[in-house]
Amino acid sequence: MTSQRAHQRTNVVWLGSPSFPEAAKPLLRDEQLRSNLRRATGTIRERRLAVTGELDDWEELRTAGEAVKRRTLRHLDHYLEQLEASVVRAGGQVHWAADAEEANRIVTRLVRETGEREVVKVKSMATQEIGLNEALAEAGIDAYETDLAELIVQLADDRPSHILVPAIHRNRAEIREIFTAAMGRYGRPAPEDLTDDPAALAEAARLHLREKFLRAKVAVSGANFASADTGTVAVVESEGNGRMCLTLPETLITVMGIEKVVPAFSDLEIFLQLLPRSSTGERMNPYTSLWTGTTEGDGPSTFHLVLLDNGRTATLADATGRQALACIRCSACLNVCPVYERTGGHAYGSVYPGPIGAVLTPQLVGVENAASLPFASTLCGACYDACPVKIDIPEVLTHLRAQAVESRRARRKVPSAEALVMKAAAAVFATPGRLAAAQKAAGLGGRFLGDTVSRLPGPLSGWSDARDAPVPPRESFRAWWERTEGGTDEEER
Ligand code: SF4
């Protein structure tokens, strides 16, 4: 497991990324970034609240979604085997990939077998997670992103910073600059008089992408859902570019995390209501593509489904942490998170940012390899309230924090200053006499301070650097109780 996870680290987590607090510092000072994020997340938040509020049975839908996901995860092996049989029966081929390396090897081989040197891509978190574009490039195959936001990220040689809107950190003027500077390197250049009007930007992208759609023989996609009983795979998107990839090329290769399976086609009824309302604040998805194996004369003639584990089985083994596998990638938790709104997605150093990234990434790569992420939260619980499948993200965060501390402790040869302080505190709290003496001493010391302590000494400064520490009370509750006989003393009243 260790070597498998060490490899995965090179993919789910961006190599060389600093820890969250370090990465967040410069981003917090970037006013343009914060203004872009505030505007974008604020708009999506309002839209989501409006459309979820208009359904009387929204809470029942959430409960139903949660129940289906829980049942699926409990019997994941069964549903995956059923899915494999259904896809094969419908004319598709199924491949199993234990980790990112194996998945990349399979996809590269499948593309090579077609004799093609380029693929068009539908927006997909799974292929980002395994670093597929980079692996294909090493094999001499060009991968072109066709989702508008992914295209912006690819042209800018940037990293995505949001699950749903990967270029959320860019504004219109920046996008115009990116299109003007980079489109020509990948194909049709942007018009010379391109403005930052959204319609003009969309038209430039449409013309740029059209020649790729018409030329491509191979497409690579992810999957939002796949139903075990029929083998039907579903992709939802807003622009229709995904549908071009899913219908025009001769070969379609879908890379899907194993947790995306649902038991029955009829379960889609729940998720196709939950997802658009939670993610884009729309009542239904503009484009929902469903396909079942292959059909002669309709769509790709060859279909491959690559089922990706890459740390998911290990996550499944943790009864608390496995909730994260129920995620339908709506990104509602990102849009309500006060930490995400101030830092953006890059601070998380992972393909999966925000609250869901803070619980999923450490589990996929091993907590010791992403130990700062479970702490990248205020535990305010807004993510739990927003999640359409009721993932208790704060519960998983605290669970992983404990694991992160344990793993750090296990690796240290000498105890940390914090551990020594905690040990001393444990000794003080162990007997009433010691506690009383310590409270008395603290109360005496507190007389010489003001109302708050702005900086505590030594290792305690880490705590007081982020907040004002209250001075110890002059008298402990016990001492007050004894002195006043529980408040009945005449003088006290
Ligand atoms: S954890 Fe919940 S709210 Fe966050 S992306 Fe996943 S499904 Fe959406």
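Mentor: Let us begin with E66, which is placed in helix 4 (residues 58-74). Helices here are DSSP runs of H or I with at least four residues, strands are runs of E with at least two, and both are numbered from the N terminus. The structure is a predicted model, in which local features need pLDDT of at least 70 and side-chain atom pairs count only at pLDDT 80 or more, whereas totals for chains, interfaces and linings use all residues. Residues are numbered from 1 along each chain as its sequence is written, and side-chain values use heavy atoms, with hydrogens and water left out.

E66 counts as buried because its relative accessible area is 18%; buried means under 20%, exposed means over 50%, and partly exposed lies in between, with a 1.4 Å probe and protein chains only. Leaving aside residues up to four places away in sequence, E66 touches V389 and K390, where a contact means heavy atoms within 4.5 Å.

A salt bridge joins E66 to R70, and their closest N and O atoms are 3.3 Å apart. The term refers to a side-chain nitrogen of Lys or Arg within 4 Å of a carboxyl oxygen of Asp or Glu. In general, side chains of opposite charge can pair when their charged atoms come close. E66 and R70 are four residues apart in helix 4, which is about one turn of the helix. The two partners can be described by their accessibility: E66 is buried at 18%, while R70 is partly exposed because its relative accessible area is 47%.

The pair of E118 and R215 may be considered next. Their side chains meet in a salt bridge with an N to O distance of 2.8 Å. E118 lies in strand 2 (residues 118-121) and R215 in helix 11 (residues 198-215), so this pair ties together parts that are 97 residues apart in sequence. E118 counts as buried because its relative accessibility is 16%, and R215 counts as partly exposed because its value is 39%.

A further pair is formed by E406 and R409, whose salt bridge has its closest N and O atoms 2.8 Å apart. Both residues belong to helix 19 (residues 393-411), and because they are three residues apart, about one helical turn separates them. E406 is partly exposed, since its relative accessible area is 44%. Salt bridges also link E129, E259, R312 and R329 in a network. A search of the whole structure finds 16 salt bridges.

Charged residues form a surface patch as well: R38, R39, R172 and R342 make up a positive one. Such patches consist of residues with over 30% relative accessible area and no salt bridge, like charges being joined within 9 Å and nonpolar side chains (Val, Leu, Ile, Met, Phe, Trp, Tyr) within 5 Å. R39 is placed in helix 3 (residues 31-53) and counts as exposed because its relative accessibility is 54%.

G299 lies in the loop between strand 9 (287-292) and strand 10 (302-308), and G299 is partly exposed because its relative accessible area is 35%. G299 touches T247 and P249, not counting residues up to four places away in sequence. From G299 to T251 there are 48 residues in sequence and 8.9 Å in space, C-alpha to C-alpha. F448, in turn, lies in the loop between helix 21 (432-446) and strand 11 (452-453), and F448 counts as exposed because its relative accessibility is 73%. F448 and I270 are 178 residues apart in sequence and 62 Å apart in space, C-alpha to C-alpha.

Finally, these parts may be set within the whole. The protein has 23 helices and 12 strands, and its C-alpha atoms fill a box of roughly 95 × 55 × 55 Å along the principal axes. Of the 493 residues, 50% are buried. Among contacts with a separation of 6 or more, 75% are between residues 24 or more positions apart. The protein exposes about 23500 Å², of which carbon and sulfur atoms supply 52%; accessible areas come from the Shrake-Rupley method with a 1.4 Å probe, and for residues only the protein chains shown count as cover.

Conventions. Lys, Arg positive; Asp, Glu negative; His and termini not counted. Charge placed at Lys NZ, Arg CZ, Asp CG, Glu CD.
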